[in-house]
Amino acid sequence: MGTVKRQPWVVGVSGASGTPYAASVIRALLAAGESVDLVVSRAARLTILDETGISFRDAHWRTDLAEWLGGDEDLDDVRYWSAGDFAAGPSSGSYPAKGMLVVPATTGAVAGIALGLSKDLLQRVASVTLKERRPLVVCVRETPLNGVTLKHLVELDAQGAVVLPASPGFYAGGSTVRELVDFVAGRVLDAVGVPHSLYLRWEGELGAAARRSGGGAPATAEGE
């Protein structure tokens with residue numbers, strides 16, 4: 001009998017502010033026992049450096065990723081592909097990827113994916129994901145959004161992608177930056193059916209968030 005083929009989720013990190021979202025998604029994928037293929041754009045390296053102080057280098061990606069994730073994650077089932085490597089495995093539709101999560105996504109990445117430009121490996125893999133009808137989640141992180149970007153997002157939706165703005169919800173009782181980051185990461189994983197415990201789900205109980213965060217008594221519905 002043949003061995004079971006590795007089927008990773010490709011995580012594409014573009015240069016938008018919000019690299020903690022990507023780190024949370026990667027940690028949760030690994031915790032769920034999923035394989036990860038990682039593509040970090042050139043602009044994203046600058047953002048990682050700016051937001052964390054970590055220089056993400058091709059030759060030392062494993063050490064740099066471990067520092068970025070900030071934990072004891074087992075990185076044995078993580079593969080890293082340089083953003084300029086158009087011969088990388090995920091650039092082909094025959095590569096057995098489960099799908100792709102672009103988190104965070106710049107408006108430039110949104111445009112490139114929507115138009116099929118394939119200017120770097122991140123955009124190429126996203127185009128492959130769409131043409132192969134695999135799940136693609138685009139976690140756009142920009143505000144406000146202009147009309148051109150909105151049109152590109154509508155086009156991505158029409159092509160089958162999930163457009164998921166990096167918009168934290170507060171009903172889960174998050175009161176720290178990490179909890180709000182994890183909420184967005186959790187919603188990204190929800191979109192592709194990967195189990196996680198990143199946030200507490202809404203169960204129809206008013207005031208639950210306030211009690212979870214120590215914010216006081218439950219709220220009452222208007223008119224009561």
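Two strands are taken to pair if DSSP finds at least two bridges between them. In this predicted model, strand β4 (residues 99-105) and strand β5 (residues 136-140) are joined by four bridges and run parallel. Within this pairing, Leu-101 stands opposite Val-137 of β5.

The pair belongs to an open sheet of six strands, ordered β3-β2-β1-β4-β5-β6, with parallel pairing. The edges are formed by β3 and β6 (162-163), each of which has a single partner strand, so one side of each is left without a neighbour in the sheet. Helix α1 (residues 19-31) packs on the sheet and touches β1, β2, β3 and β4. The direction of α1 makes about 150° with that of β4.

Elsewhere in the sheet, strand β1 (residues 9-13) is joined to β2 by five bridges, and these two strands run parallel. The bridge partner of Gly-12 in β2 is Val-39. Strand β2 (residues 36-40) is mostly covered, with five of its five residues buried. Val-36, Leu-38 and Val-40 point one way from β2, whereas Asp-37 and Val-39 point the other way. Residues on both sides of β2 are buried.

A further buried residue is found in a helix. Thr-47 is part of helix α2 (residues 42-52). The relative accessible area of Thr-47 is 11%; the cut-off for a buried residue is under 20%, so Thr-47 counts as buried. When residues up to four places away in sequence are not counted, Thr-47 touches Gly-15, Ala-16, Ser-17 and Thr-19.

Two packed helices are described by the angle between their axes and the distance between the axes. Helix α4 (residues 107-115) packs against helix α5 (residues 121-131) at an angle of about 45°, and their axes are 9 Å apart. This angle makes α4 oblique to α5. The crossing of the two helices α4 and α5 is right-handed. On the α4 side, the contact is made by Gly-108, Ala-109, Gly-112 and Ile-113; on the α5 side, Leu-122, Gln-123, Ala-126, Ser-127 and Leu-130 take part. By class, five residues of the contact between α4 and α5 are nonpolar, four are polar and none is charged.

Several features of the backbone were also identified. A cis peptide bond joins Val-103 and Pro-104, with omega at about -10°. Pro-104 is located in strand β4. Another cis peptide bond joins Thr-143 and Pro-144, where omega is about -10°. Pro-144 is in the loop between β5 and α6 (147-158).

Positive phi values were found in residues other than glycine. Ser-118, in the loop between α4 and α5, has a phi near 55°, which is positive in a residue other than glycine. Arg-133 lies in the loop between α5 and β5, and its phi is near 60°, again a positive value in a residue other than glycine. Arg-133 has a relative accessible area of 69% and is exposed.

Asp-76 is also a loop residue, placed between α3 (61-69) and β3 (78-82). The relative accessibility of Asp-76 is 66%; since the cut-off for an exposed residue is over 50%, Asp-76 counts as exposed. The C-alpha atoms of Asp-76 and Leu-30 are separated by 9.9 Å, and the two residues are 46 residues apart along the chain.

Note on methods. Residues are numbered from 1 along each chain as its sequence is written. This is a predicted model: local features need pLDDT of at least 70, side-chain atom pairs count only at pLDDT 80 or more; totals for chains, interfaces and linings use all residues. Side-chain values use heavy atoms; hydrogens and water are left out. Axes are lines fitted to C-alpha atoms, for helices over the stretch in contact, and angles run from 0 to 180 degrees between N-to-C directions. Angles under 35 degrees count as roughly parallel, over 145 as roughly antiparallel, 65 to 115 as roughly perpendicular and the rest as oblique. A crossing is left-handed if the near helix is turned anticlockwise from the far one by less than a right angle, and right-handed if clockwise. Contact means heavy atoms within 4.5 Å. Ala, Val, Leu, Ile, Met, Phe, Trp, Tyr, Cys and Pro count as nonpolar, Asp, Glu, Lys and Arg as charged, and the others, Gly among them, as polar. Buried means under 20% relative accessible area, exposed over 50%, partly exposed in between (1.4 Å probe, protein chains only).
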